[in-house]
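Student: I would like to learn how to read pockets and cores in a protein model. Can we go through one together?

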Amino acid sequence: MSWLVGLSEPVALLVGGLAVSLAFGSGCLLGGSPACFAVAAVASFLAVVPHELAHRNTARRMGCWSRYVLSPIGLLVTLATSLPFVPVKFVMPGFTLVSPPTYDREELRRIDGLVSLAGPLYNIAVSIASVSVLQLAPGLVGPLLASALYNVGYVNAWVALFNLLPVPPLDGSKVLKWKPVVYLVVIAVSALLYFFYFTW
């Protein structure tokens, strides 16, 4: 499956988004609800693709070469969590390669920290926006839009929390190494968001 790594970036992002869509929406397909799966797929793509682009674009703004690639093992693990009896969804179909323009250790740590933080920050922002609309303007949101907003917020909250776990090679390990205080703040916010959606 090493050929997966050589796929073009747009194709890799598409495959990664589809894998995460299956992880979160397989129950909908098994239940015979294409509409439910469509909502899960939209939420998954909105959580994963911009997350990876946030990593990539931040790296490029810092003078690095960067692009998204699929991970054969990560893709298989993500697809395995689409099985209905697997309660925890692993969101790791690929990763953003970053080639920095420096060998300075402190600068490398700063680049790793900022690039790694960019993806979860996007997810946190989207999740907060979703819950804000649901809480502050419930009368303006119909059942279909409310369901879509809930799914978008929930998936983004989980993607942020999962990626912020302090386990290499996840984003959290690099943010923690760079700025422990920043790490504690963002993982606390993502955990609160996920708890809110999980207990809704």
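Student: Which residues lie nearest the centre of the second largest pocket?

Tutor: Rolling a probe the size of a water molecule over the atoms shows where empty space is left. A pocket here is an open set of points, on a 1 Å grid over the protein atoms alone, where a 1.4 Å probe fits, with protein on both sides within 12 Å along at least five of seven lines; lining residues have an atom within 4 Å of a point. A23, F24, K89, Y154 and V155 lie nearest the centre of the second largest pocket, which 16 residues line. This is a predicted model, in which local features need pLDDT of at least 70 and side-chain atom pairs count only at pLDDT 80 or more, while totals for chains, interfaces and linings use all residues. Residues are numbered from 1 along each chain as its sequence is written, and side-chain values use heavy atoms, with hydrogens and water left out.

Student: Which element has the largest share of that lining?

Tutor: Helices (H or I, at least four residues) and strands (E, at least two) are DSSP runs, numbered from the N terminus. Helix α5 has the largest share of the lining of the second largest pocket, with five residues. By class, 14 residues of this lining are nonpolar, one is polar and one is charged. Ala, Val, Leu, Ile, Met, Phe, Trp, Tyr, Cys and Pro count as nonpolar, Asp, Glu, Lys and Arg as charged, and the others, Gly among them, as polar.

Student: What is the volume of the largest pocket?

Tutor: A volume is the space filled by probe spheres set on the points, which are joined across faces, edges and corners. For the largest pocket this is about 540 Å³. Of its 28 lining residues, G94, F95, T96, P169 and D171 are the closest to the centre.

Student: Which residues touch the most other members of the largest nonpolar core?

Tutor: In soluble globular proteins, nonpolar side chains tend to be buried together. A nonpolar core is a set of buried Ala, Val, Leu, Ile, Met, Phe, Trp, Tyr and Cys residues joined through side-chain atoms within 4.5 Å; buried means under 20% relative accessible area, with a 1.4 Å probe and protein chains only. In the largest core, of 29 residues, F24, V91, I124, Y154, V155, W158 and Y194 touch the most other members. Helix α5 gives the most to this core, nine residues.

Student: Is E9 buried or exposed?

Tutor: E9 counts as buried because its relative accessibility is 13%. E9 is found in helix α1, residues 9-30.

Methods:
Buried means under 20% relative accessible area, exposed over 50%, partly exposed in between (1.4 Å probe, protein chains only).
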